[in-house]
Structures are given as C-alpha cells and as structure tokens.
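What can be said about the rings and their surroundings?

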Amino acid sequence: MLTKTIAAMAVAVATLGVVTGCSSHQQDTAVRSADDPDLLAGCGPLPDQVIATTLQVPSVHQQSAPTICNWIGDYPAGGTVGLTYAWLRNDNLMTETKVAGDFGYQIERVVIKHFAGMYVRDPNDPGSCAVTISDTGIVTWWVHNRSHTAQPDPCAAAMSLMQATLAIDGV
C-alpha cells in the first residue's frame, strides 16, 4: 500500500538522520538544468504535465511536498492513480533494499542506464510498483493504481517516469 511505502521511505530517512531540504512546489514552467546539483531535490525535475502525459492521464494534482512528494490523477477510462517521488540525498540502495524487505515487498534488481536499482512490488497489491535507483542518493518513483489492478501497468509507468527523470538529469 502507498502508506507502507511512505512509511518505509520515512524510516529510511530517519535511520540515516538526514533529510534533504526541498522547495514547496513543483516548477511547471521550465526544466531545471542538469548541471544543477539539486536537480533531483524537491518534487523532482519533471513538470506536472510530463508526469500526466507519461501516465496517460489528463492532469495530476500534487498532494504533498517537500521531501516525499505525492500526486494523484484520474485515468480517462476511469480509475485513479497515486504516485510518489522521493530523492534522498544521503540514502543508499542497501538501506532501501533492507527497508523494502522488512515490509515484505518483492525486490527485482535492475540496471537503468548505468545506475544500480530495483523494482519494488507489494505482493498483496498488483496495482502498486516502484522503481528505485542509486543516483547521488536514492531516487524513487512509486505508482499505485488505486483500483489495485495491474492495468495500466504500474511498473511500466514507474520505469517511464524514472527514465524521463534520468533524461533530464543528463543521462
């Protein structure tokens, strides 16, 4: 469940004792430069319209900020999607793997571009999937179909959001 994911991310932050400061709103008008050392901070480098287009929803509405950011969108054919983005500067993949395991999530290791990462799936919810990579800390996109169905594919959506983030990051 999304609540467990947010709790897991919060535990990882508390464990490390470091939280990265972020802006309180998403920048929709321009994409930040890949040279910006805080490119991944706040709610990430993707404008809301890019997120909506990637998820194939008309629009998304940011629900929270700063360090762990949430959006919600409605699919045109019905159903709601929730998403979570987090960039934890001083976190690492080993910690995130342990936290995911502690919550009983299934982990599948991947390499995206040249970054080590993993898919994280809740075995009790086929509509929920995250992609996490190690890039100047940990970057995570978690997609949760609120209908708890595997369609549209939450893992494909999370991977698309991660690839779009990496493209802006200059990778």
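The paragraphs below go through the aromatic rings and then turn to one histidine. The model is predicted.

Begin with the aromatic rings. A pair of aromatic rings is described by two things, the distance of the centres and the angle of the planes. Searching the whole structure gives four aromatic pairs. One of them joins Phe103 and Tyr105, whose ring centres are 6.1 Å apart with 20° between the planes. This pair counts as stacked because planes under 30 degrees apart are classed that way.

The two partners can also be compared by their accessibility. Phe103 has a relative accessibility of 27%, so Phe103 counts as partly exposed. Tyr105 has 7%, and therefore Tyr105 counts as buried. The cut-off for buried is under 20% relative accessible area.

Aromatic residues also form a group here: Trp71, Tyr85 and Trp141 make up one aromatic cluster. Another ring, that of Tyr119, has a charge over it. The charge belongs to Arg121, whose charged end lies 4.8 Å from the centre of the Tyr119 ring.

Now turn to His144, which lies in strand β7, a strand that covers residues 138-145. Is His144 buried or exposed? Its relative accessible area is 5%, so His144 is buried. What does the side chain of His144 contact? It is joined to the side chain of Asp125 by a polar contact of 2.8 Å. His144 can also be set beside Gly82: the two are 62 residues apart in sequence, yet their C-alpha atoms are 5.1 Å apart in space.

How values were computed
Residues numbered from 1 in each chain as written. Predicted model: local features only at pLDDT ≥ 70, side-chain atom pairs only at ≥ 80, totals over all residues. Heavy atoms only, no water. Phe/Tyr/Trp six-rings, centres within 6.5 Å; stacked < 30°, edge-to-face > 60°. Buried < 20%, exposed > 50% of the residue type's maximum accessible area, 1.4 Å probe, protein only. Lys NZ or Arg CZ within 6 Å of the ring centre and 35° of its normal. Helix = DSSP H or I, 4+ residues; strand = E, 2+ residues; numbered from the N terminus. Polar contact = N/O pair within 3.5 Å; in protein donor to acceptor, adjacent residues only side chain to side chain.
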